[in-house]
Amino acid sequence: MNNILSLLDNYTQCNTNDIATSIASDFRKRRIEKNLTREQVAEISGISVSNIIRFEQKGLISLKNLIGVSIALGYTSEIKNIFTSPKYSTMEELTQIRKNKGKKRAYRK
């Protein structure tokens, strides 16, 4: 049942604010599970405590700071590999991905 709900969640969470809030909430959970304070994460990552607070409360963070807190909690490979695999939802998309593999630019249709 949890697997079905997580699959449904992936399809319903298309709003950027909802996704940011969800990531921030998950970050906070992982930080607390590791028994790390915001101050400790700030020290490890080199990011200010105020940026970590803003992230946890509002889901707002720069990409560079997101990478920093991810590394601080041990999520280096997850953040580093976020776009390594192509994603597609139709056969047409898969065909397009295969056709464009290795290209350096996209062009208007």
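## Helix α7

Helix α7 (residues 91-100) lies largely in the open, because of its 10 residues the number buried is 1. Buried means under 20% relative accessible area, exposed over 50%, and partly exposed in between, with a 1.4 Å probe and protein chains only. Helices (H or I, at least four residues) are DSSP runs numbered from the N terminus. Just after α7, glycine 102 has a positive phi of about 90°.

## Basis of the model

This is a predicted model, in which local features need pLDDT of at least 70 and side-chain atom pairs count only at pLDDT 80 or more, while totals for chains, interfaces and linings use all residues. Residues are numbered from 1 along each chain as its sequence is written, and side-chain values use heavy atoms, with hydrogens and water left out.

## Aromatic pair

The count is 1 aromatic pair (ring centres of Phe, Tyr or Trp, the last by its six-membered ring, within 6.5 Å; planes under 30 degrees apart are stacked, over 60 edge-to-face, the rest tilted). Phenylalanine 27 and phenylalanine 55 form this tilted pair, at 5.2 Å centre to centre and 45° between the planes. Phenylalanine 27 is in helix α2 (residues 16-33) and phenylalanine 55 in helix α4 (residues 49-58), so the pair ties together parts 28 residues apart in sequence.

Phenylalanine 27 is buried at 8% relative accessibility, and phenylalanine 55 is buried at 2%.

## Nonpolar surface patch

Leu63, Ile67 and Ile71 make a nonpolar surface patch of about 270 Å². Leucine 63 belongs to helix α5 (residues 63-72) and is exposed, at 58% relative accessibility.

Patch residues have over 30% relative accessible area and no salt bridge; like charges are joined within 9 Å, and nonpolar side chains (Val, Leu, Ile, Met, Phe, Trp, Tyr) within 5 Å. A salt bridge is a side-chain nitrogen of Lys or Arg within 4 Å of a carboxyl oxygen of Asp or Glu. Accessible areas come from the Shrake-Rupley method with a 1.4 Å probe; for residues, only the protein chains shown count as cover.

Conventions: Helix = DSSP H or I, 4+ residues; strand = E, 2+ residues; numbered from the N terminus.
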